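Please look at the sequence and the model before reading the points below.

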Amino acid sequence: MLRLRVNTPPAFSEVVLADLDAFLIDHAACERKASALALSLVVRYRDRRELVREMIALAQEELDHFAQVMALLDARGLVATPDERDPYVGALRALVRTTTDENLLDRLLVAGIVEARGCERFRLVAEALEEGELKTFYARIAGSEARHHALFVRLARTYFEVPLVQSRLDELLEAEAAIVTKLPLRARLH
């Protein structure tokens with residue numbers, strides 16, 4: 001797993017459990033957006049075969065997760081709400097550089113960091129839940145997020161020199177730590 005520079009406070013789990021419905025609704029939106037991100041990388045970088053192959057598989061997996069969370073919402077009598085702006089993801093995306101190569105590198109690394117933070121937080125939620133189907137689901141989702149963030153970093157290392165990837169990853173992880181510590185804890189993934 002990426003070594004995030006700061007840990008999510010344990011109080012995060014308490015906030016989530018106090019409004020689990022809101023967390024589930026946000027989780028559904030995050031899975032849908034993750035699938036869309038993977039497909040947007042396919043469209044933009046269609047000449048990079050390994051990236052295209054991996055992002056198609058990722059989009060399918062994220063869409064499957066979206067369907068699973070939507071089933072959880074349905075079972076609880078909940079409906080998805082309009083998307084809210086995600087200040088965490090927005091702040092990270094603001095760090096993505098715009099030149100062609102730098103843009104790809106940054107998009108891959110930011111996606112990896114978002115997945116790493118998701119892994120950490122899903123694991124915290126799984127640990128806080130009582131034994132049962134939802135606990136098992138979130139433990140499984142945390143494992144998926146771990147694979148996903150590793151995939152994004154591996155793809156970055158496929159297309160860019162390892163020292164460059166590591167240097168930029170370190171910069172982005174430091175920035176992410178500053179971002180995450182300034183945000184309030186909410187019953188949301190980020």
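On a 1 Å grid over the protein atoms alone, a cavity is a set of points where a 1.4 Å probe fits but cannot get out, and a pocket is an open set with protein on both sides within 12 Å along at least five of seven lines; lining residues have an atom within 4 Å of a point. Grid points are joined across faces, edges and corners, and a volume is the space filled by probe spheres set on the points. With these terms, a search of the whole structure gives one cavity of 30 Å³ or more.

The model is a predicted one, in which local features need pLDDT of at least 70 and side-chain atom pairs count only at pLDDT 80 or more, while totals for chains, interfaces and linings use all residues. Residues are numbered from 1 along each chain as its sequence is written, and side-chain values use heavy atoms, with hydrogens and water left out.

**Cavity**

- The largest cavity has a volume of about 60 Å³.
- Its lining is made by Tyr 88, Arg 121, Val 180, Leu 183, Pro 184, Leu 185, Arg 186 and His 190.
- By class, five residues of this cavity lining are nonpolar, one is polar and two are charged (Ala, Val, Leu, Ile, Met, Phe, Trp, Tyr, Cys and Pro count as nonpolar, Asp, Glu, Lys and Arg as charged, and the others, Gly among them, as polar).

- The largest pocket has a volume of about 610 Å³.
- It is lined by 26 residues, of which Lys 33, Leu 37, Val 89, Arg 93 and Val 114 are the closest to its centre.
- Two or more lining residues come from each of H2, helix H3 (49-75), helix H4 (87-93), helix H5 (100-128) and H6; helices (H or I, at least four residues) are DSSP runs, numbered from the N terminus.
- The lining of the largest pocket has 13 nonpolar, three polar and 10 charged residues.
- The second largest pocket has a volume of about 190 Å³.
- Among the 15 residues lining the second largest pocket, those closest to its centre are Asp 26, Thr 81, Pro 82, Glu 84 and Arg 188.
- The lining of the second largest pocket divides into five nonpolar, two polar and eight charged residues.

**H2 with H6**

- Helix H2 (residues 20-44) packs with helix H6 (residues 133-159) at an angle of about 30 degrees, and their axes are 14 Å apart (axes are lines fitted to C-alpha atoms, for helices over the stretch in contact, and angles run from 0 to 180 degrees between N-to-C directions).
- That angle makes H2 roughly parallel to H6; angles under 35 degrees count as roughly parallel, over 145 as roughly antiparallel, 65 to 115 as roughly perpendicular and the rest as oblique.
- The crossing of H2 and H6 is left-handed, where the near helix is turned anticlockwise from the far one by less than a right angle, and clockwise in a right-handed crossing.
- In this contact (heavy atoms within 4.5 Å), Leu 20, Phe 23, Leu 24, His 27, Glu 31 and Leu 41 of H2 meet Leu 134, Phe 137, Tyr 138, Ile 141, Glu 145 and Phe 152 of H6.
- Nine residues of the H2 and H6 contact are nonpolar, one is polar and two are charged.

**H2 with H5**

- The axes of H2 and H5 come within 12 Å and cross at roughly 155 degrees.
- H2 and H5 are therefore roughly antiparallel to each other, and their crossing is left-handed.
- On the H2 side the contact includes Phe 23, His 27, Glu 31 and Leu 37, and on the H5 side it includes Asn 103, Arg 107, Phe 122 and Val 125.
- The contact of H2 with H5 has eight nonpolar, three polar and four charged residues.

**H1 with H5**

- Helix H1 (residues 11-18) and H5 have axes that come within 9 Å and cross at roughly 70 degrees.
- H1 and H5 are therefore roughly perpendicular to each other, and their crossing is right-handed.
- Phe 12, Ser 13, Val 16 and Leu 17 of H1 make the contact with Arg 121, Leu 124, Val 125 and Ala 128 of H5.
- Leaving aside its neighbours within four places in sequence, Leu 124 is in contact with Thr 8, Phe 12 and Ser 13.
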